[in-house]
Amino acid sequence: MLHTYSGQTIGFEIKYKQRTSMSIHIDSNGYIEIHVPKGISDDRVILAVEEKWDWIQEKLTEMKDRTRGFKAKVYEHGESFLYLGKEYPIQIAHDINIQQDYVVFEEEKLHIYVKNLEDEKIKQALKRFYYQQCKMLVEKSIKSYQSNFKIKPRSIRITDNKTNWGTCDSRQQLTFNWRLAMAPQSVIDYVVVHEMCHMLHMNHDRSFWRLVGKIFPDYKAQENWLALSNWKMTV
């Protein structure tokens, strides 16, 4: 079905199911399905779509951004990298007298100092920067939320985990992905709280999510940011 509203036209498919409420589903290609209870008229479905119109358009824009495809980073002046949720350009300085390649954040730029201009050297300098910042940011967040917990993490590690933003093992050892330094502070805080809650509840059961929600009521917004932005959190 095609429907035009506010000067914009979208297409969607209505699927009738054994349910009590309507829901809107948008896949990674922008295909829209409206799941509705049996017996609901098309007019009521269209009214519900119009009420959610701004949200639908926002999600379609996000999907388009994602499906444009990943562009490999280039390591030259002006290339942008994420830091704390915002894109910042890099500035590269070549200095053979420095002891080690390094990065500092100053004047709304990522300033990179390297002994030579090889792409791999610049990339590794950036990764070290993110590792260091992630450790600092995570420790700061743990300190902020520790009052909600009677037990403390035994250790904190920053790793290059390909599948998780954070983990907690049975010995209360917490591990975090260095790419978290690219996320907003609120997202870092949520991942920290999520893993600290695992110190008490190792599974994602109802008790676990109740505790997460009590400490961090806005956690779904942070999960949504990660789901939509993880593809560009890279060096």
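A crossing of two helices is called left-handed if the near helix is turned anticlockwise from the far one by less than a right angle, and right-handed if the turn is clockwise. Helices (H or I, at least four residues) and strands (E, at least two) are DSSP runs, numbered from the N terminus. The structure discussed here is a predicted model, in which local features need pLDDT of at least 70 and side-chain atom pairs count only at pLDDT 80 or more, while totals for chains, interfaces and linings use all residues. Residues are numbered from 1 along each chain as its sequence is written, and side-chain values use heavy atoms, with hydrogens and water left out.

**Helix packing**

Two packed helices are described by the angle between their axes and the distance between the axes. Axes are lines fitted to C-alpha atoms, for helices over the stretch in contact, and angles run from 0 to 180 degrees between N-to-C directions.

| Helix pair | Angle | Axis distance | Handedness |
|---|---|---|---|
| α3 (residues 119–145) and α4 | roughly 65 degrees | within 9 Å | right-handed |
| α4 (residues 185–197) and α5 (residues 206–215) | about 140 degrees | 10 Å | right-handed |

In the pair of α3 and α4, the contact (heavy atoms within 4.5 Å) is made by L137, V138, S141, I142 and Y145 of α3 together with Q185, I188, D189, V192, V193 and M196 of α4. These residues divide into eight nonpolar, two polar and one charged, where Ala, Val, Leu, Ile, Met, Phe, Trp, Tyr, Cys and Pro count as nonpolar, Asp, Glu, Lys and Arg as charged, and the others, Gly among them, as polar.

In the pair of α4 and α5, Y190, V193, H194 and C197 of α4 meet F208, W209, L211, V212 and I215 of α5, and the residues of this contact comprise eight nonpolar, one polar and no charged.

**Two single residues**

H111 belongs to strand β9 (residues 109–114) and, with a relative accessibility of 13%, counts as buried, a word that stands for under 20% relative accessible area, with exposed for over 50% and partly exposed for values in between (1.4 Å probe, protein chains only). Leaving aside residues up to four places away in sequence, H111 touches Q91, Y102, V103, V104 and E106, and a polar atom of the H111 side chain lies 3.3 Å from the backbone oxygen of E106.

G78, by contrast, sits in the loop between α2 (53–67) and β6 (80–83) and counts as partly exposed at 41% relative accessibility. Again not counting residues up to four places away in sequence, G78 touches P89, I90 and Q91; the C-alpha atoms of G78 and Q91 are separated by 6.6 Å, although these residues are 13 residues apart along the chain.

Definitions and conventions: Polar contact = N/O pair within 3.5 Å; in protein donor to acceptor, adjacent residues only side chain to side chain.
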